[in-house]
Amino acid sequence: MDNPWWHSAVVYQIYPRSFADADGDGMGDLRGIIDHLDHIAGLGVDVVWLSPIYPSPQDDNGYDISDYQDIEPVFGTLADFDELLAGIHDRGMKLVMDLVVNHSSDEHPWFAESRLSKDSPKRDWYWWRPAREGFEPGTPGAEPTNWGSVFGGSAWEYDPATGEYYLHIFSRKQPDLNWENPAVRDAVYEMMNWWLDRGVDGFRMDVIDHISKDVSLPDGAVAPGSLYGQGAPHYMHGPRNHEFLHEMHERVFAGREALLTVGEMPGVTVEEAVKYTDPARGEVDMVFNFDHVWVDRGADPWQLYPLQLTKLKGIFARWQAGLREKGWNSLYWNNHDQPRVVSRYGDDSPEWRERSAKMLGGVLHLHRGTPYVYQGEELGMTNYPFGTIADFRDIEALGHYAQATEHEGRSPEEVLTVLRARSRDNARTPMQWDSSAQAGFTTGTPWLAVNPNHKEINAAAAVADPDSVYHFYRRLIALRHDEPAVVYGDFTMLMPADERLYAYTRRHGSTELLVIGNFTGEPVTAEVPDAGAWQELVLTNAPAPENWVLEPWQLVVYRRQVTP
Ligand code: GLC
């Protein structure tokens with residue numbers, strides 16, 4: 001197999017709303033991104049992925065699209081977009097767009113037409129169903145299935161205009177498109193081709209494992225204490241998901257060069273991921289799985305569970321082994337849906353923030369797969385000190401809070417404790433450019449508060465300090481580009497039962513790398529087999545260890561030559 005370029009690439013994700021605001025309206029925009037391209041290029045990344053920038057009522061911050069072929073006016077114009085694309089290409093990088101086609105906005109003309117009447121030509125573009133038999137339409141319990149929506153409440157919205165319900169796995173302003181209808185698929189492929197013809201280099205596909213549903217739409221099991229049934233088993237990895245992605249590949253990607261496609265797939269198993277990413281099957285290049293960011297979940301959604309390092313290592317070991325022969329991994333800690341990793345799996349206190357942020361970056365990036373860096377991760381940005389529910393903006397946080405406190409008997413404080421640690425808004429606070437008011441993000445009032453720690457944690461300070469998290473990420477990315485063992489080495493997990501150290505080797509030809517990260521705030525001695533053979537320390541975030549005693553949160557990367 002030829003080695004595709006994205007095997008050695010690193011992707012940088014921008015959440016445009018929170019990246020940089022050039023016109024002072026408190027919301028990031030394309031001009032703001034254009035102004036900061038050198039920051040991104042300076043890291044050495046190969047690809048920029050933009051979260052959605054299309055016209056949108058912004059019910060879910062742009063993941064509710066009302067026009068797939070234009071730019072949201074708050075963000076700019078198509079001319080700004082072309083300038084941004086050229087600026088990215090001029091710097092030798094590529095641009096990947098977010099593709100959100102499991103659902104559209106309810107304000108998309110397709111849906112407006114669909115809801116008009118039961119015999120609208122676009123009726124069947126969405127999932128319309130009558131009330132449950134024996135129930136008065138629009139009354140409690142009459143929803144066609146018992147499914148809950150991901151953001152709280154029922155997954156069905158009653159539409160009095162025609163007396164039927166439409167399905168929305170996410171908010172009521174995100175009706176699910178009906179992929180069973182070939183006309184829907186044609187329209188999506190046409191739109192994708194339009195963007196590729198304009199020069200974009202690929203797509204990150206939003207919840208793309210939700211597009212095929214069990215068309216019989218059965219009720220879901222109801223967990224104890226929960227209001228709704230679980231629809232996920234009936235709408236995730238449905239019977240036609242592989243078929244649809246293969247068709248998309250044939251109709252959009254085949255014959256085009258140098259693209260990158262990545263499918264976001266909550267709940268995907270290793271076995272399914274092999275099928276989705278096996279190049280011979282022609283579906284997508286890689287998928288985002290969620291196992292390692294769901295590892296600190298437990299039976300009770302409103303309780304915080306500490307990280308168990310052995311579980312985390314078990315997950316990575318399984319994915320590394322599963323995609324060894326066929327397919328490809330993606331690697332991420334952070335994105336716009338996850339809390340900040342330094343606050344979650346590291347230590348964001350002033351003493352250990354930078355040290356642990358670097359260790360986490362190093363442990364992740366040196367696995368086999370394509371790493372993704374989310375804006376601010378390269379600065380070691382942290383979670384936000386949220387107070388009350390009024391501080392949150394995310395539709396998911398607000399929806400879950402309402403459902404849990406109003407209908408499921410939870411106290412506001414227990415819900416807030418979890419939201420403060422896990423809410424998506426932690427990732428969405430404005431990018432911290434400098435120490436000035438509003439962190440240099442905007443001259444106006446930011447749509448979501450800037451983290452008060454921007455006085456210490458900001459890009460200007462990080463770029464000026466050769467010891468910063470930023471420069472550590474830069475070295476890490478350079479190592480991937482320069483050392484084939486990082487890209488292609490075989491992966492072996494060491495010390496799987498150790499709760500404190502994360503250790504593995506990568507071996508490629510005559511080169512072997514040893515990576516060890518200390519996941520604790522205490523010094524830990526590593527029991528390394530054949531310890532004397534490791535002489536070349538390639539990368540670390542603390543003084544070189546003596547006798548294999550790793551300092552708190554220390555990462556070490558050694559290299560040696562072996563007989564192949
Ligand atoms: C994906 C996005 C998330 C969004 C959801 C619905 O999970 O990453 O931000 O809310 O899909 O589009």
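Biologist: How much area do domain 1 and domain 2 bury between them?

Modeller: The size of an interface is often given as the accessible area lost when the parts come together. In this predicted model, domain 1 and domain 2 bury about 2700 Å² between them, and 62% of that area lies on carbon and sulfur atoms.

Biologist: Where do the bounds of the domains fall?

Modeller: The domain assignment gives domain 1 as 5-102 + 182-472, domain 2 as 103-176 and domain 3 as 487-561. The centres of domain 1 and domain 2, taken over C-alpha atoms, are 27 Å apart. To their contact, domain 1 brings 36 residues and domain 2 brings 29 residues.

Biologist: How many salt bridges and polar contacts cross this interface?

Modeller: The rule finds 2 salt bridges between domain 1 and domain 2. It also finds 18 residue pairs in polar contact across the interface.

Biologist: Which elements of domain 1 give two or more residues to the side that touches domain 2?

Modeller: They are helix 5 (182-198), helix 6 (232-235) and helix 12 (395-407). Helix 12 gives the most, with 5 residues.

Biologist: What classes of residue make up that side of domain 1?

Modeller: The side of domain 1 that touches domain 2 has 17 nonpolar, 10 polar and 9 charged residues.

Conventions: Residues numbered from 1 in each chain as written. Predicted model: local features only at pLDDT ≥ 70, side-chain atom pairs only at ≥ 80, totals over all residues. Heavy atoms only, no water. Domains from an automatic or database assignment. Contact = heavy atoms within 4.5 Å. Buried area = accessible area lost by both parts, 1.4 Å probe. Salt bridge = Lys/Arg side-chain N within 4 Å of Asp/Glu carboxyl O. Polar contact = N/O pair within 3.5 Å; in protein donor to acceptor, adjacent residues only side chain to side chain. Helix = DSSP H or I, 4+ residues; strand = E, 2+ residues; numbered from the N terminus. Nonpolar A, V, L, I, M, F, W, Y, C, P; charged D, E, K, R; others polar.
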